[in-house]
Amino acid sequence: MSYIAGEYDCAIVGAGHAGCEAALAAARMGCRTVIFTISIENVALMACNPSLGGPAKANIVREIDALGGEMGKNMDAACIQARLLNTGKGPAVYAIRGQADKTIYQTRMIRVLQSQENLSLKQAMVEKIILDENQEVSAVETETGAIYRTKTVILCTGTYLNGKIIIGDVNYQGGPNGQRASINLSGNMKGQGIEIGRFKTGTPARVDKKTLRLGKMVAQPGDEEELHFSFLTEGPNKYNVPCYLTYTNKTTHQVINDNIHLSPLFSGKIEGVGPRYCPSIEDKVVRFADKDKHQIFIEPEGLETDEMYVQGMSSSMPEEVQLKFLRTVEGMEDVEVVRIGYAIEYDYVIPTQLRLSLEMKNYEGLFCAGQINGSSGYEEAAAQGLMAGINAALKIANKEPFFLKRSEAYIGVLIDDLVTKGTNEPYRMMTSRAEYRLLLRQDNADLRLTEKGRRLGLVSDERYERYLKKKMALEEELARLKQVTITPSQEKLREMLGRKESPPLRRAITLYELLKRPELRYNDLVTIGEGKELSPEVKEQLEIQIKYEGYIEKQKAQVERFERLEGKRLPTDLVYSEIEGISVEARQKLEKLKPESIGQASRISGVSPADISVLLVYMEQKRQKRGK
């Protein structure tokens with residue numbers, strides 16, 4: 001029997017990484033918000049690897065943080081090891097990667113949700129999205145018949161939507177970590193006319209640390225220097241718990257090949273498309289048959305547990321086969337499995353049905369965020385959740401939606417890729433997807449986005465004051481370095497250049513010009529009495545902005561050209577069939593996807609530069625007619 005259980009501005013379905021950020025954003029922007037989860041114990045669950053960050057993903061976490069999101073702060077509180085990756089390359093691809101204590105991560109996030117004003121956390125299975133006669137969201141209904149009236153809904157169902165667990169020839173309906181799957185909601189969405197696809201992902205076994213021979217593996221400690229995901233976190237890293245490196249071998253591969261007929265991946269029992277960049281071990285062995293070994297990282301799941309995550313050995317093979325091949329790996333000869341690896345198939349929403357705001361085009365007030373949109377990864381999910389929460393709140397306030405352009409953030413690249421191009425496999429963010437990655441570095445996310453978060457009402461006074469202090473220090477020192485001249489006769493300078501094997505000065509130059517030398521760091525100016533005692537992050541910004549000035553200016557010019565197209569908005573009611581000169585394929589794609597700008601239209605597969613030229617001419621003719 002149904003009954004009215006409450007009334008809210010915004011209802012979030014699912015409390016994973018997307019759901020948490022969506023709920024917090026909406027509530028912090030003044031909306032009366034409710035978030036539903038199948039199990040309170042699974043809020044912010046790291047269902048797969050116990051880590052955050054890495055190339056491109058660290059940039060996303062920093063961007064979430066700069067906008068006022070929670071993921072960065074939560075990760076810093078739970079971090080048990082941090083490393084800076086890609087230091088041998090340029091700053092555009094520097095990336096923090098951190099290992100998390102899963103329990104601390106979840107416990108803190110639950111506390112943040114429960115203590116947030118305007119936000120209610122409820123354990124319930126949502127099974128229906130209720131629309132009114134105008135296809136606008138009016139309520140959600142749970143399996144117990146509780147109806148919650150709401151103006152907006154954000155679906156953040158992760159891999160739970162019609163989830164199926166697969167281990168060898170065993171399969172059953174379920175979500176990650178032995179949880180229930182959300183079955184009826186998927187049917188309800190299909191019944192509403194929402195286009196649904198099917199993807200697959202997987203996870204490796206968790207093993208008992210006591211049964212490992214860690215002395216036979218290579219210890220991988222974190223970095224000793226301070227590394228944080230949030231711009232608000234200060235102080236040294238609290239923990240440095242090592243991971244361990246080992247390798248598969250010919251015997252491992254032989255066991256897998258001998259049993260490949262038992263793999264659901266190759267027997268046809270798995271229907272969903274899996275992630276290209278995170279294949280199962282059996283997939284790697286078959287696809288890369290020429291390789292004698294593959295890296296395996298043994299990662300701790302927390303400080304108070306002996307469970308270790310076997311990174312690199314995701315598998316859906318039968319349990320006995322998994323145990324057999326695990327025991328062929330050096331250091332794992334006597335290993336005991338705590339949780340067996342599995343594959344999971346799940347439903348997702350075809351993301352081209354969404355606007356850039358992550359609201360569905362044909363269903364007013366219905367937003368989708370996270371893996372339901374075809375993405376993979378905690379970071380990508382959280383970013384979408386934050387943006388969906390922001391836009392749901394803006395919609396309730398009758399304000400224009402908030403977008404991030406491809407030139408402004410990795411978050412902008414992520415969302416634009418999904419809603420413009422769609423995806424035929426679980427989407428993973430990589431640095432190569434960002435055309436302007438030299439501008440979208442993890443170190444400058446606060447300089448790019450804090451002002452935007454402040455205008456939205458998500459950036460606290462503390463964060464904003466710290467940002468302004470950093471910005472002022474950076475601008476003042478850049479101006480000073482351009483004004484102060486140093487001469488070849490300075491003795492300390494000659495000594496320093498000699499130590500650094502840097503060519504001697506031939507003439508007087510500014511400190512700004514001096515710091516362009518690749519072998520010199522800002523601290524070298526401090527040693528000769530020409531630098532200031534600034535914070536490490538300001539010094540880092542100075543060095544990057546000065547040393548890469550030419551490249552940065554070139555990329556800014558590219559952005560200006562890009563933004564001219566992005567600035568040319570397209571009306572959503574434009575009838576493309578009336579425009580002569582556009583190809584049939586382009587007309588069909590444009591009609592279906594309804595791009596919001598000329599720039600977005602140009603990125604649609606099947607829309608050629610010639611089609612864009614015709615569209616530009618058509619829009620100019622319409623503008624001139626309106627001007628008459």
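Tutor: A charge sits over a ring if NZ of Lys or CZ of Arg is within 6 Å of the ring centre and within 35 degrees of the ring normal. This is a predicted model, in which local features need pLDDT of at least 70, side-chain atom pairs count only at pLDDT 80 or more, and totals for chains, interfaces and linings use all residues. Residues are numbered from 1 along each chain as its sequence is written, and side-chain values use heavy atoms, with hydrogens and water left out.

Student: Over the face of which residue does Arg32 lie?

Tutor: The distance from Arg32 to the ring centre is 4.5 Å. The ring in question belongs to Tyr8.

Student: Which residues do ring pairs link into a cluster with Tyr8?

Tutor: Rings of Phe, Tyr and Trp (its six-membered ring) pair if their centres lie within 6.5 Å; planes under 30 degrees apart count as stacked, over 60 as edge-to-face and the rest as tilted. By this rule there are six aromatic pairs. One of them is edge-to-face, with 4.9 Å centre to centre and 65° between the planes, and joins Phe36 to Tyr148. The residues clustered with Tyr8 are Phe36 and Tyr148.

Student: How many residues apart in sequence are the parts that Phe36 and Tyr148 tie together?

Tutor: Strands (E, at least two residues) are DSSP runs, numbered from the N terminus. Phe36 lies in strand E2 (residues 33-37) and Tyr148 in strand E9 (residues 146-155), so the pair ties together parts separated in sequence by 112 residues.

Student: Is Phe36 buried or exposed?

Tutor: Buried means under 20% relative accessible area, exposed over 50%, partly exposed in between (1.4 Å probe, protein chains only). Because its relative accessibility is 1%, Phe36 counts as buried.

Terms used:
Helices (H or I, at least four residues) and strands (E, at least two) are DSSP runs, numbered from the N terminus.
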